[in-house]
Amino acid sequence: MQEINHSVRGSEAVMDDVAQIMKIRARGERPMAYVHSYGCQQNVADGEKIKGFLEEMGFGFTEDPEEADFILFNTCAVREHAEDRVFGNVGALKNTKRRHPSVIIALCGCMMEQEHVAERIRRSYPYVSLVFGTHVIHRFPELLLETLTSGKRVFSRGDESEDRVIHEGLPIHRDGSVKAWVTVMYGCNNFCSYCIVPYVRGRERSRTPEAVEEEFAALVRAGYKDITLLGQNVNSYGKTLEHPVSFAELLRRLDRIPGDYRIRFMTSHPKDATHELIDTIAQGTHISHHLHLPFQSGNDRILREMNRHYDRAKYLDLIRYAKEKIPDLSLTSDVIVGFPGETYEEFLDTVSLVREVEFTSLFTFIYSPRRGTRAAEMDDPVPAQEKSRWFQELCAAQEEIAAKRCQAAVGTVQRVLVEEEGKQEGMLSGRTDGNVVVDFPGPRELAGSFADVKITAARNWILTGELVSRQQ
Ligand code: SAH
Ligand code: SF4
Ligand code: F3S
């Protein structure tokens, strides 16, 4: 059974001490922090919590690491490329530290939960003073104070017991004023054979529906219009609670909160996606008609090897049911090309599934071995160049489909949420309910509100249109 810890806010005394020390160390009037989150929205949401702590400890924020007194990279371990980028950027901080010896450089997030990564930082990046993993975010003020006062480098990863705990009440510094994230569950129990996430994020645990409702309602009151519920597998939300609640039930409870807003959620796992979930989307008032349902592969043997617990037929059944109940549903997905042992014929099953479903957009990845996962031990005979060709073939198929879908939207009127920042003078940019970008001319004051836009043209997956009417 999971536990909920309501008492963490980083003790006031610790936060005061950090604030005092940093005031003196700061190069300017107040200490400045540069925080960059890599990876998925869950990581971005964690980054906003760390920023919440920093704000409470008197920090301002800067987009320029050269101006910062504290630099933090919140890292992602999902693919090798993500890790390489982090190592490259941390390497570049060596000169920053040389120019400003008082700057404190810290690393956190998924990569730091891996012992071999922490070891590499310990050995090869001596100017990194603080390293902490995803399990100990609630202890960040304490860890920062220790870094400032002990004269030693601090490494913290949390232990197994943290796997079942949820820490409520952490401060949050939200980056936007229109879109917001609400984490509904942490961790993952699925152990897909290629994936590092369960190792670096621990076991599945859910926030109570009351805690989610409270945060969600406060966001609606504060004027947020596009709120995304986050979890690695939202469909298994609520299973570990003392009084279990399904994700569909949570959605219905949130949907009852009055106001003008949209609910999104990610990610859904096909093995746990139910008709109840689809019916809830279909009947909802605020739930966007957008479903991100990663299928990973269209071939049954590969799906088994991936430990996904569904097959092609089950996935396609679910899609058929969803399209029938929600005719304007926008579907997006994640796919892996070149899983160990995949043959070209098996890969073609993925292409045919993509053609059959006609996704609005697709996130395509070439398989990347992750140390400690089951797939990393499997034979992987197909050369990288060959996988790259398959990848291009899949992308070309999807481009064709996306262009066709965009073209089909021309002439329709879409409800668009206008983004905070416009691209060019006189132009606004927004997203449809299905999460497709629309550019159109209009006044700046529409930023952050909904508008009806008639789609007049489509190019490169971006729609252009004209304003029909604004909604407040
Ligand atoms: N929990 C989500 C996704 C988490 S990671 C889900 O189950 O759908 C986001 C995506 O990264 C995955 O959907 C998968 O397509 C991709 N991914 C994960 N591990 C990978 C690996 N080792 N190599 C390539 N892509 C990977
Ligand atoms: Fe990774 Fe699978 Fe969990 Fe998603 S469901 S985070 S792909 S193990
Ligand atoms: Fe990356 Fe961690 Fe998310 S590995 S994809 S940041 S859960």
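Predicted model: local features only at pLDDT ≥ 70, side-chain atom pairs only at ≥ 80, totals over all residues.
**Domain 1 and domain 2**

Contact between the two involves 36 residues of domain 1 and 31 residues of domain 2. The size of an interface is often given as the accessible area lost when the parts come together. For domain 1 and domain 2, the buried area is about 3300 Å², and carbon and sulfur atoms contribute 54% of it. On the domain 1 side, the residues that lose the most area to domain 2 are Q42, E48 and K49, which together account for 22% of what that side buries.

Charged pairs are also found here: 3 salt bridges cross the interface of domain 1 and domain 2. Elsewhere in this account of charged pairs, E83 and R370 form a salt bridge, with 3.4 Å between their closest N and O atoms.

**Helices α11 and α12**

Helix α11 covers residues 312–325 and helix α12 covers residues 344–357. The two pack at an angle of about 10°, and their axes are 11 Å apart. Because angles under 35 degrees count as roughly parallel, α11 is described as roughly parallel to α12. From α11, the contact is made by R312, Y315, L316, I319, R320 and K323; from α12, by D349, S352, L353, E356 and V357.

Key. Residues numbered from 1 in each chain as written. Chains lettered and ligands numbered in written order. Heavy atoms only, no water. Axes fitted to C-alpha atoms, helices over the stretch in contact; angles between N-to-C directions. Helix = DSSP H or I, 4+ residues; strand = E, 2+ residues; numbered from the N terminus. Parallel < 35°, antiparallel > 145°, perpendicular 65-115°, else oblique. Contact = heavy atoms within 4.5 Å. Buried area = accessible area lost by both parts, 1.4 Å probe. Salt bridge = Lys/Arg side-chain N within 4 Å of Asp/Glu carboxyl O.
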